[in-house]
Amino acid sequence: MSALLTATGLVKRFRGLTAVDNVSFSVEEGEVFAIIGPNGAGKTTLFNLVAGVFAPDEGEVTFAGARIDGQAPEDICKAGVARTFQIVKPFPDLSVLDNVAIGAMLRTTHMADARAHADDILRKLDLHDRRSQKAGSLTLPDRKRLEVARALATRPRLILLDEVMAGLRPTETDRMVAVLRDINRTDRLTIVMIEHVMRAVMALATRVHVLHHGASIAEGAPDAVTRDENVVRSYLGSKAGAH
Amino acid sequence: MTTRGWVALSLAAAALVAAPFVVDRYLLSILLLCLIGAYLGQAWNILMGFCGLLSLGHALYLGLGAYTGAILFVKFGVGPWLGVFAAMAVAVAAASALGWLGFRFRIEGVYFSLLTIAFAEVARIGFDNWSFAGGAAGFFLPVASEAQAQWFNLRGGPYFFYYLALALAAGALALSAFLRASKLGHAWLAVREDPAAARALGVNATRVRFFALFISSAMTAVGGVYLAFWSNNLFPAQIFDMSRSIDLILAPIVGGVGTLFGPIVGAFLLVPLGEALIDILRALGLNAPGAKALVYGALLMIIIAATPNGLWPWIARKLKLEGRGA
């Protein structure tokens with residue numbers, strides 16, 4: 001079976017800085033693929049290359065067999081790749097329901113259908129009782145959930161999750177893990193996640209890819225990667241030392 | 001909208017329909033200006049209130065519409081009911097050029113607003129020097145007596161123009177409400193709130209911005225045709241002037257940007273206020289030039305400071321006219 005998402009030799013430079021340095025990976029349909037690494041490792045830039053915010057300077061991205069690098073974000077979303085933003089971007093002055101309905105209307109003809117679909121998703125993400133609240137008045141954990149809800153509403157084949165666990169309490173993290181596992185299994189949704197919360201990574205990921213200074217330093221099953229000497233030294237170890 | 005809201009809207013509509021039978025001509029002309037102000041405010045509000053693009057040069061479309069309708073009628077014998085389509089086309093063409101420049105080169109925020117001013121100013125200077133259209137001396141339509149009223153050439157008395165203004169204002173409200181509830185309307189709101197997030201959800205920001213620009217400019221051009229046939233004279237220094245653009249946007253700002261009823265509430269407050277100030281200041285013997293502008297400006301500041309989101313949201317809340325999320 002060919003991979004759903006493939007990145008080959010991606011390079012992105014900002015002036016002198018090489019934020020993403022020759023990164024390649026491929027994600028199979030139905031996988032939960034985690035990208036980890038210290039702050040500034042280039043994880044979000046990598047997402048932005050896949051999601052169409054920037055075109056890569058070198059390399060290519062293919063999704064479901066078609067080149068998508070350099071395409072506009074809206075076209076990549078239409079192709080079936082949804083994303084969340086690490087720094088959440090709700091539509092603050094609109095209701096929670098409208099926020100999600102705007103995602104849902106990509107695949108519906110009528111707003112009423114989009115609202116109905118949005119309603120289902122809000123239920124799944126425990127946001128239904130806040131549906132008529134303005135998104136700007138939500139707490140941070142709820143905003144994180146809203147990011148996921150909005151992206152899911154576009155009915156993607158693959159979702160890019162940028163640190164959706166950050167700022168959540170452990171119980172909330174477990175809840176989010178359960179939700180993601182459910183949509184991965186029942187809806188066969190492929191997930192690519194940037195995540196610092198290792199507890200969530202270990203619980204969800206089928207494979208882990210480690211970035212450091214923009215370059216790939218390891219890839220493999222979660223257990224193997226977390227024991228990898230390079231990874232411990234550059235990321236996990238330094239983090240453990242900080243405690 | 002709540003039941004109270006519908007009742008209030010029906011009462012207001014009935015009052016406006018009945019007004020010509022009750023009020024004198026002077027009051028009727030003020031109501032007419034209110035309605036046109038509400039109409040033009042709706043047009044601008046679609047662009048700014050819904051889509052988040054601040055145009056400070058809507059006089060451009062007003063003037064282009066007015067001149068297109070007037071020139072076609074006087075020089076080519078094309079009636080306004082047909083000419084209005086040409087007027088919309090010309091305005092949309094100008095809006096396309098502006099949008100292409102703005103969106104192609106990512107001229108965002110206040111820089112986009114400056115671009116809109118530049119376009120209006122270029123048009124003003126151009127029409128000032130275009131002798132075919134009368135240049136700075138102005139362009140005039142033949143004045144018809146009320147007895148010669150020909151509705152098909154937009155020649156008629158005050159009642160005719162009043163009901164036409166009412167139809168325009170009502171039509172603009174209905175169109176705004178329809179668009180606001182549509183997919184396009186939601187795409188506009190998304191782009192207004194956060195363009196990057198909107199695009200990530202599959203909204204083609206450039207395309208929906210163009211649609212907003214087209215609809216807003218075409219509506220404004222229709223208003224321009226109306227003004228040309230109502231006032232019978234056009235001067236580039238008036239119709240294309242910056243102050244015209246500002247005048248046009250004050251009503252929706254005071255009434256509530258992005259709301260459906262804000263432009264109406266704003267116009268029905270500001271137009272009579274301006275008229276009343278003239279009378280009051282005259283009665284007080286204050287005929288100093290600029291006195292009206294000074295008082296008007298001070299009152300505007302008070303209103304905006306008291307209700308920073310506009311009057312309509314405040315009124316709607318106080319009188320329970322709108323349901324949640326409206």
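## Confidence in chain B

The model is predicted, so confidence comes first. Chain B has an average pLDDT of 91. In that chain, 96% of the residues score at least 70.

Helix α7 (residues 183–193) of chain B has the highest value, at 97. Helix α13 (residues 291–306) of chain B has the lowest, at a mean of 84.

## Where chains A and B meet

How many residues does each chain bring to the contact? Chain A gives 28 residues and chain B gives 21 residues. The area buried between chain A and chain B is about 2000 Å². Carbon and sulfur atoms supply 63% of that area. On the side of chain A, E74(A), F91(A) and M105(A) lose the most area to chain B. Together they make up 27% of what that side buries.

Polar links also cross the interface. Five residue pairs are in polar contact between chain A and chain B, with both residues at pLDDT 80 or more. Four helical elements of chain A each give two or more residues to the side that touches chain B: α2 (73–79), α3, α4 (111–124) and α5 (140–153). That side of chain A divides into 13 nonpolar, seven polar and eight charged residues.

The count of salt bridges between chain A and chain B is one. The side chain of R199(B) meets that of E74(A) in a salt bridge, at 2.7 Å from N to O. E74(A) is also among the residues of chain A that lose the most area to chain B.

## N99(A), a buried residue

N99(A) sits in helix α3 (residues 96–104) of chain A. Is N99(A) buried or exposed? Its relative accessible area is 0%, so N99(A) is buried.

What surrounds N99(A)? Leaving aside neighbours within four places in sequence, its contacts in chain A are P90(A), F91(A), L94(A), A135(A), L146(A) and R150(A). N99(A) also touches L201(B), a residue of chain B. A polar atom of the N99(A) side chain lies 2.8 Å from the backbone nitrogen of F91(A).

## T116(B), buried in chain B

T116(B) belongs to helix α5 (residues 110–128) of chain B. At 2% relative accessibility, T116(B) is under the 20% cut-off, so it counts as buried.

Beyond its neighbours within four places in sequence, T116(B) is in contact with L54(B), S55(B), L56(B), G57(B) and L98(B). The side chain of T116(B) has a polar atom 3.4 Å from the backbone nitrogen of G57(B). Q42(B) is 74 residues from T116(B) in sequence. Their C-alpha atoms are 18 Å apart in space.

## Salt bridges

Side chains of opposite charge can pair when their charged atoms come close. Over all chains, the structure holds 24 salt bridges.

One of these joins E58(A) and R13(A), at 2.8 Å from N to O. E58(A) lies in strand β4 (residues 58–63) of chain A and R13(A) in strand β1 (residues 5–14) of chain A, so the pair ties together parts that are 45 residues apart in sequence. Both ends are partly exposed: E58(A) has a relative accessible area of 39%, and R13(A) is at 37%.

## Pairs within a helix

D142(A) forms a salt bridge with R145(A). The closest N and O atoms are 2.9 Å apart. Both residues lie in helix α5 of chain A, three residues apart, or about one turn of the helix. D142(A) is buried, at a relative accessible area of 4%. R145(A) is buried as well, at 13%.

In chain B, D279(B) forms a salt bridge with R282(B), with the closest N and O atoms 3.7 Å apart. Why are D279(B) and R282(B) separated by about one helical turn? The two are three residues apart in helix α12 (residues 262–283) of chain B. D279(B) counts as partly exposed at 36% relative accessibility, and R282(B) counts as exposed at 52%. Back in chain A, salt bridges with shared partners join D129(A), R130(A), D142(A) and R145(A) into one network.

Technical notes: Residues numbered from 1 in each chain as written. Chains lettered and ligands numbered in written order. Heavy atoms only, no water. pLDDT = per-residue confidence, 0-100. Buried < 20%, exposed > 50% of the residue type's maximum accessible area, 1.4 Å probe, protein only. Polar contact = N/O pair within 3.5 Å; in protein donor to acceptor, adjacent residues only side chain to side chain. Contact = heavy atoms within 4.5 Å. Buried area = accessible area lost by both parts, 1.4 Å probe. Salt bridge = Lys/Arg side-chain N within 4 Å of Asp/Glu carboxyl O. Nonpolar A, V, L, I, M, F, W, Y, C, P; charged D, E, K, R; others polar.
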